[in-house]
Amino acid sequence: MSRTETGARKGASPRPKNKLARANDRVLILMTLPAVILYSLFYLYPTINNLRYSLTKWDGFGEPEFVGLNNFSRMLTDDLIFNKVLSNNIEFTFLVVIFQTAFSLLFAIFLLKNSRTSTFLRTLYFFPTIISSVSVAMVWQFLYEPNLGPINVFLKSIGWDFLALNWLGSETITLRAIAFTQVWFHVGQMMVVYIAGLQQIPAELYEAAEVDGANRWQQFKSVTWPMALPTTAVVMAYTTIQSFRAFDLVYAMTQGGPNNSSSILVTLIYLTAFNEFRFGYAATQSIFLVVFILALTALQRRILRTRY
Amino acid sequence: MKVSKSAKAFRLLIAGAFAASVTVLPISGGFAAGETLGAKCTTEGESTGTFSTSLVCAKNSAGRLVWTKVKLSASNLKPIAALRAPRGSIEFWHWRAEDKAWFDKIIADFEALNPGVKISQVISNSGDYTATALQKVRTNKKAAVVTTFRGPQFNQAAEAGILVDLTGEQFTKRNVIKSMMGAGQYEGKQLGIPYQSLFNNPIYNISIFKKEGWKLPKKFSEWISYCKTAKAAGYTPMAWMGGFRPQAGQIINSALMNTASTDALLTSRIQALDTGKDAITVSWFKDMAGKYAELRDAGCFPDNPKGVTEAAGNTLFATGKSPILPTGSFSMGGIVTLNKEMDGNMGITGMNWTDDVNARYTGITNNTFILGVNKNAGRTEQRIAKAFISYLLTGPVATYYANSSKQHVTVLDVSYTDANLRNTSSIMSERLVLAPRFIFLNQGVRDILEDALIAIVGGESVDKALTDGAAAIKQRLG
């Protein structure tokens, strides 16, 4: 630390390092080496390799055939299924981000106080997060079953047959039904993040607002929401990434069906690679996914940064 | 050289006597008491497949269960004993984690018979296995026994020259049911031995059929009548699971099996769809798709069929709400898990989608678990692998595997003790075709095509579903 400060001093020429300092540098480099090697081996190398494969036609077994940017041009201009899946993913992300953020904030506000009931309810809402995603999928698959499932059985028993829908069998409803499950699955986790954020808001701000005669809604609008924006940025970024990675839930519930109506990019990439053996094209799709998530997260951060 | 008439007659006599001695005598020695050609048999379907020709309990033309003589193996000779293995260690690559325990015991017995031999199982899940196994075994000298799925994976392995030709092996000629070897053949060579036999035909609830006094439908119009009758009686005629494509697509096998006059024509038609040469709006496929609509209109499928999951479909059948499960013999284990009372209460029947009771095929068979020897393994390892495969192909070992795993096998001299296997093994003597669904090599095309058929069952018109599907396939194939 002191060395950096000395070195950064204006006008001072960098002093030649003594033997001890050089030895220290070597130790520091050596200490980072395991992490660098692991990172390079398990992240950097596969990523670069993926870029290479995206320019090929490859069945995962034979020799990859170089096709230049053909995969990219086809994916962006001439792939109806990719377009459909991308729009599914955008809809899915939009629904999940909006509802998960809204509900987690709502629950956090109501359960902010450390009372016994709040602690119990927090635990209850957090509970789904610790269940494995495939188990969640199985449970909801059962709940959504159109003929034997408890949701429709209940709706029919109270005479609301019109609401007893084909939850996982209709091309218009399935994606929304899965989005609901995803919100149910992760809302407790985001609620905890919000609670941590909201607990940092100084109590004096609420006291001052109360003195000024602000009601609960005005307190929320003028104190809670602006102060919770940094947490919201984190929650939204995390939820966005999470919704793009909801492979296990979607795959276990519908495998992307019916007719690709619930397929999202990660399920499409999996099926392209491991079902159709088009590894090159799947690599192209996965690069698009990375770039898309990066762009979306950057956009979110930009929008939210202008607000705080 | 001239040969006199009496010499000719003498030669014929000798040849006839020899043929009788190598066929009839071993057969009579191999049968258990009471199993006589043409006689009534009480346990439906038990196969006593022994030697080249075997007595199999099967229905005759009058529908009676009788011991019927059929030739099962490729040669007229007795099955051979397992080969001896040289010392060494090999790996046995497969994806069936559920079989690990049985294979552990089989391997332990094999190792005891062959001192100095060590076999370790390398098991990965089916997804990983499909994606990476062949790539990995290519450079692994120890990976001597390699299993492949029928269809794209087996073809990929064959094309890449990974598999040793087993055509000339005695166990190939003498230990297995010849008609069930098709899935392991490539360009006339036997590159793999299909081990399990699956039957992708509807399973039925024996007691419901008995109670209601129904007969099993034998042709398409009878299936339509059955659906109407069963529906009227308060049942879901077929527990079809449109929410799960892999199982919903099983009936396409039966739908396809009699759509062409020859196997070659059927294969070429499917290949034309698979490669985009023909669209799925082609007339023969449209006719077949139209039958899905007929079944739908007759009430064969559950309500909201596109949302019925595999679990829900199995539950409908296991709880007796549906008398027929249109998947295959492989579903029986799961059904018994759901309801113990279904043990021994399931039969299997072909689904004829024509109105000709003498149609070319009456049912479907399939093999997914194909045993092969890796050409890239060392010489000693290959010898151990062949010995191990020959061991798996002996009657007692295959009997143990079949009854433990609750799967039929392609091996001779197997005695099924499991009630469900016995009840369904009669299908082996029917006119079976290898599941045509797997002639499709492009999974993407097959998925779209099956989605179109599922859409029809879900209420879509045949024209719209096929037109949409054809557009999607055209686009997919670029």
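Strand β5 (residues 143-148) of chain B runs antiparallel to β14(B), and four bridges join the two. Here helices (H or I, at least four residues) and strands (E, at least two) are DSSP runs, numbered from the N terminus. Strands count as paired if DSSP finds at least two bridges between them. Within this pairing, V145(B) has V373(B) of β14(B) as its bridge partner.

This is a predicted model: local features need pLDDT of at least 70, side-chain atom pairs count only at pLDDT 80 or more, and totals for chains, interfaces and linings use all residues. Residues are numbered from 1 along each chain as its sequence is written, while chains are lettered from A and ligands numbered from 1 in the order in which they are written.

Strand β14(B) has another partner. Strand β8 (residues 193-194) of chain B pairs with β14(B) in the antiparallel sense, over two bridges. There, I193(B) stands opposite L371(B). Strands of a sheet pair through backbone hydrogen bonds, either parallel or antiparallel.

Now look at the side chains. In a regular strand they alternate between the two faces of the sheet. In β14 (residues 370-373) of chain B, I370(B) and G372(B) point one way, and L371(B) and V373(B) point the other way. All four are buried, meaning that 20 or more other C-beta atoms, placed from the backbone, lie within 10 Å of a residue's own.

A three-stranded open sheet also lies in chain B, in the order β11-β10-β12, with antiparallel pairing. Strand β10 (residues 203-205) is joined to β11(B) by two bridges. I203(B) has L325(B) as its bridge partner in β11(B).

Chain B is assigned domain 1 (88-198 + 366-410) and domain 2 (203-365 + 436-477). These bounds come from an automatic or database domain assignment. The domain centres, taken over C-alpha atoms, are 31 Å apart. Ten residues of domain 1 and nine residues of domain 2 make the contact; residues are in contact if their C-beta atoms, placed from the backbone, lie within 7 Å. The domain 1 side has three nonpolar, five polar and two charged residues. Ala, Val, Leu, Ile, Met, Phe, Trp, Tyr, Cys and Pro count as nonpolar, Asp, Glu, Lys and Arg as charged, and the others, Gly among them, as polar.

Finally, the two chains. Here 23 residues of chain A are in contact with 32 residues of chain B. On chain A, α4 (80-110), α6 (133-144) and α12 (265-275) each supply at least two residues of the side that touches chain B. That side has eleven nonpolar, nine polar and three charged residues.

Terms used:
Two residues are in contact if their C-beta atoms, placed from the backbone, lie within 7 Å. A residue is buried if 20 or more other C-beta atoms lie within 10 Å of its own, exposed if 12 or fewer, and partly exposed in between; C-beta atoms are placed from the backbone.
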